[in-house]
Amino acid sequence: QKDIRSELYEINDHASSLFQTNLFDNNNKKILSHLMQRGFSEEIIKAFGLGLSTNKKDEVLKLIQQKKYNSKSMLSSGLFIDTKIGYMDRFRNRIMFTIYSSTGKSVGFAGRAIDKNESAKYINSPETQIYNKSKILYGLHITKNDISTYDSVVIVEGYFDFLQLFQAGIKNVVAVSGTSLTDGHAHIIKRLTKNVLIAYDGDDAGKSAAIRAGYLLLKNGLNPSIVKIQDG
């Protein structure tokens, strides 16, 4: 089991490097320009391991097969899906976000659709031996010291929301990834601060989710406030 865990970290590192290389490939300038038009600097893109999965069905698969990893590790990485014609890459034609543990190890991925007609806007890695969604907060590996220093944390729902705040200089921030806020998240936050600002979307769904998150944080002995997001 220990060997599989260490191989999973390595497999994720290889996939993350491939996605990052793809993003900075000259053939994909359009995607990089899109991210920069949204206000992200190259420095931020590299610091948080943003990348690109191409439309090839086995790009990651071929890379990992070359590295001669244990088939069990490959299966349990969550990077592949089992189809009638064999294994295929789970993430294709998506802007990729590498998800890190609080100690900075790559544990999973989220992929945002590039094609507007894609049925699922986001696809996330499934839970694995190293990726427990209820215990991972996006960006915490970089922002934990700022959260302690400011004795407060801003929680947002999306990866882009997180990156935009971070780049604007608001660095005591984390995002929930692929799940709602959980007791596990509350326990992690409580080690750093008790003061939480919930900055979810300003629409009805965002407001409802913020209220649920607020009650969960109260239950765990934290001091939550909801940031009222103005229309537009």
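Q: Buried means under 20% relative accessible area, exposed over 50%, and partly exposed in between; into which class does lysine 46 fall?
A: This is a predicted model, and the classes apply to areas computed from it with a 1.4 Å probe and protein chains only. Lysine 46 has a relative accessibility of 47%, and because a value between 20% and 50% belongs to the middle class, lysine 46 counts as partly exposed.

Q: Which residue meets the side chain of lysine 46 in a salt bridge, and how many residues apart are the two in helix H3?
A: The salt bridge joins lysine 46 to glutamate 42, with 3.1 Å from N to O, and glutamate 42 is itself partly exposed, at a relative accessible area of 36%. Both residues belong to helix H3 (residues 42-47), where about one helical turn separates them.

Q: How many salt bridges does a search of the whole structure find?
A: Besides the pair formed by lysine 46 and glutamate 42, there is a salt bridge between the side chains of lysine 62 and aspartate 58, at 3.6 Å from N to O. In that pair, lysine 62 is partly exposed, with a relative accessible area of 48%. Searching the whole structure gives a total of 4.

Q: How far apart in sequence are the parts tied together by lysine 219 and aspartate 183?
A: The side chains of lysine 219 and aspartate 183 form a salt bridge of 3.2 Å, N to O. Since lysine 219 lies in helix H9 and aspartate 183 in helix H8, the pair links parts whose separation in sequence is 36 residues. Lysine 219 is exposed at 61% relative accessibility, and aspartate 183 is partly exposed at 31%; the separation asked for is 36 residues.

Q: Which residue caps the N-terminal end of helix H8?
A: A side-chain oxygen of the capping residue lies 3.3 Å from the backbone nitrogen of glycine 184. That oxygen belongs to threonine 182.

Q: Which residues of helix H8 are buried, and what arc do they cover around the axis?
A: In helix H8 (residues 183-190), the buried residues are His185, Ala186, Ile188 and Ile189. Because their arc is so limited, they lie on the same side of H8. Among the elements that cover them are helix H6 (140-150), strand S10 (195-198) and helix H9 (204-219). The residues are thus His185, Ala186, Ile188 and Ile189, and the arc is only 160°.

Technical notes:
Residues numbered from 1 in each chain as written. Predicted model: local features only at pLDDT ≥ 70, side-chain atom pairs only at ≥ 80, totals over all residues. Heavy atoms only, no water. Helix = DSSP H or I, 4+ residues; strand = E, 2+ residues; numbered from the N terminus. Arc of directions from axis to C-beta. Contact = heavy atoms within 4.5 Å. Polar contact = N/O pair within 3.5 Å; in protein donor to acceptor, adjacent residues only side chain to side chain.
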